[in-house]
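Subject: Model for you to look at

Hello,

Here is the model I said I would pass on. Please open it alongside this message and check my notes as you read.

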Amino acid sequence: MSKNIVNHCIREEVQAMSAYHIADASNLIKLDAMENPYNWPDEITAQWLETLRHCPINRYPDPVAKELCNRLRQVNSVPDQSALMLGNGSDELIQILLMALPSNASILAPAPSFVMYRQIAQSLGLEYHSIPLQADSFSLDIESMLTHIRQHQPAIIFLAYPNNPTGNLFAEDEIKQILQLSEGLVIVDEAYAPFTNASFMPYLPDYPNLMVMRTLSKLGLAGLRLGFLCGDSSLIDHLDKIRLPYNINSLTQLTARFALDHIEFLNQQTNTIRQHRDAMFNRLNALNGIHALASEANFILLKCQQISATTVFNQLKCRDILIKNLSPQGGLLSDSLRVTVGTASENEAFLSAMAQIVTTPDPSL
Ligand SMILES: *Cc1c(COP(=O)(O)O)cnc(C)c1O
C-alpha cells in the first residue's frame, strides 16, 4: 500500500496508534480477561435455547430495547428519574460519550486505569490527560486531580470504581469532591459492580454531571457485549443521537433478559468468585517476594518484589497459565501482574505454579 494513500485517508493520530492486543489463549488456563469462569447449569441452558427459538431473526431488533431496559433498571436499582442508554459493551458507550465532545475538549482519568479510555480518545484525536495514582495505595492523588480540574475543566472525567487494573475503590468523599468541582461529566465506571457493595448509582439524582456505567461482561456475559449508561435524561437524549440504530441485536436483547430473569444463579457464581478472591489474596501474600493488593473486583493485582514480573508471567505461561503482564505499561505498573479469579481448580493450578516459581525461578526465562 502506498504511503500516499494511507496519508490521504488515515488521520495522523490513528496511524500513530498501536492496535489493542489480545493474547491468544488457546489451550491455556485463561486468567487474563476478568471473565466469569463458570458455565450455565444444563437446565438453564435448555430454557435459554428454547427462548431463542422464538426470536424473529428476520426482523430488526427493538430499537430502544424496552423490555431489557426495564429489567436492567430493576436489577441494578437505577433511580426512576435517571435515563438509560445501552451500548454494544461499555466500550461502545465510552466511544459514544467521546464522539459527542467538542473537538477542543479534554479528558481526564487517573493512571493506571482502564486502557480503553485513552485508546478511544486517541482514535478520535482528543486531548487526554492522566494523573498518577498514589504509588503505594493506588488511591487518587486528590489534590492534583482538583488542581487539574480547576485549570482545565475537562469535558469528561473517567473513574473506574473499582479501578481496573488495581482492583481498589477510590474514596467516596474524594469522588464527591470531584463531582462538585467539575463542570464536565464524571463517568463512574462500575464494570465490577457484581464484586463490590459500593456504588454511585444511588447518588445519580444528587449530581447532574454524574453518569454511572455498568456492563454485563464481568457478571458472566462477556460474549454478549452489553453495557449501559445511566444519567440525566437530557444528556442521554443528546448522546442517543450518536448511537447507531439497532446497536443491540435481538439475540443479545433476548439473552440478557433471560439471564436477568435468572439472576440468582449468576449471583451465586459471583459470590463464589468473591470468596475465592479473598482466599487467593491471602495465599498470594503468604508467598515470598509477592505483594497482592486487596481487591473489590474479580481480579488481583500482584507486585513482584524479587523476580521480574515478566519472568513470573513467562514461567506461568510455560505451565499453560495465562494471566496479564502489566509491566510493559511501565510507571506504577512496572513490576505488576494481574490475575483473574477462576474456578477452584484453575486458582489452585495458578497458586501452586506461583509457589514453585517464587521458590525455584528458572533464570533462563
Ligand atoms: C472490562 C471493563 C469495561 C468494558 O466492558 P465491556 O462492557 O465488556 O466493553 C469497562 N470498564 C472497565 C473498568 C472494565 O474493566
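This is a predicted model: local features need pLDDT of at least 70, side-chain atom pairs count only at pLDDT 80 or more; totals for chains, interfaces and linings use all residues.

**The ligand site**

I started with the ligand.

Asp189 places a polar side-chain atom 2.5 Å from a ligand nitrogen. Arg225 has a polar side-chain atom 2.6 Å from a ligand oxygen. Ser90 comes in through its backbone, with an N or O atom 2.7 Å from an oxygen of the ligand. How much of the ligand's accessible area does the protein cover? The ligand has 390 Å² on its own, and the protein covers 94% of that.

**Strand S5**

Next, strand S5, residues 156-160. Five of its five residues are buried, so the strand is largely enclosed by the rest of the structure. Side chains in a regular strand alternate between the two faces of the sheet. In S5, Ile156, Phe158 and Ala160 point one way. Ile157 and Leu159 point the other way. Both sets are buried.

Which strands pair with S5? One is S3 (residues 106-111), which pairs with S5 in the parallel sense over two bridges. Leu108 has Ile157 of S5 as its bridge partner. The other is S6 (residues 185-189), also parallel to S5, over five bridges. There, Ala160 stands opposite Asp189 of S6. Asp189 is also the residue with a polar side-chain atom 2.5 Å from a nitrogen of the ligand.

**Arg214**

Arg214 sits in strand S7 (residues 210-215). Is Arg214 buried or exposed? Its relative accessible area is 10%, which is under the 20% cut-off, so Arg214 counts as buried. Its side chain makes a polar contact of 3.0 Å with the side chain of Asn76. Leaving aside residues up to four places away in sequence, Arg214 touches Asn76, Ser90, Glu190, Ala193, Ser199, Met201, Gly227 and Phe228. Ser90 in that list is the residue whose backbone lies 2.7 Å from a ligand oxygen.

**Two loop residues**

Ala294 is in the loop between strand S9 (290-292) and strand S10 (299-304). Its contacts, not counting residues up to four places away in sequence, are Thr166, Gly167, Asn168 and Phe281. Ala294 and Leu169 are 125 residues apart in sequence. Their C-alpha atoms are 9.9 Å apart in space.

Val64 is in the loop between helix H3 (42-53) and helix H4 (66-76). Val64 is exposed, because its relative accessible area of 51% is over the 50% cut-off. Leu84 is 20 residues from Val64 along the chain, with 9.9 Å between the C-alpha atoms.

**Backbone points to check**

Most residues other than glycine have a negative phi, and most peptide bonds are trans.

- The Ala111 to Pro112 peptide bond is cis, with omega near 0°. Pro112 is in the loop between S3 and helix H6 (115-123).
- The Tyr161 to Pro162 peptide bond is cis too, with omega near 0°. Pro162 is in the loop between S5 and helix H8 (172-181).
- Phe138 has a positive phi, near 60°. This residue is in the loop between strand S4 (127-132) and helix H7 (142-152). Phe138 is buried, with a relative accessible area of 0%.
- Asp320 has a positive phi, near 65°. The residue is in the loop between helix H13 (309-318) and strand S11 (321-322). Asp320 is partly exposed, at 41% relative accessible area.

Best wishes

Technical notes: Residues are numbered from 1 along each chain as its sequence is written. Side-chain values use heavy atoms; hydrogens and water are left out. A polar contact is a pair of N or O atoms within 3.5 Å; within protein, one must be able to donate a hydrogen and the other to accept it, and residues adjacent in sequence count only if both atoms are side-chain atoms. Accessible areas come from the Shrake-Rupley method with a 1.4 Å probe; for residues, only the protein chains shown count as cover. Helices (H or I, at least four residues) and strands (E, at least two) are DSSP runs, numbered from the N terminus. Buried means under 20% relative accessible area, exposed over 50%, partly exposed in between (1.4 Å probe, protein chains only). Contact means heavy atoms within 4.5 Å. Two strands pair if DSSP finds at least two bridges between them.
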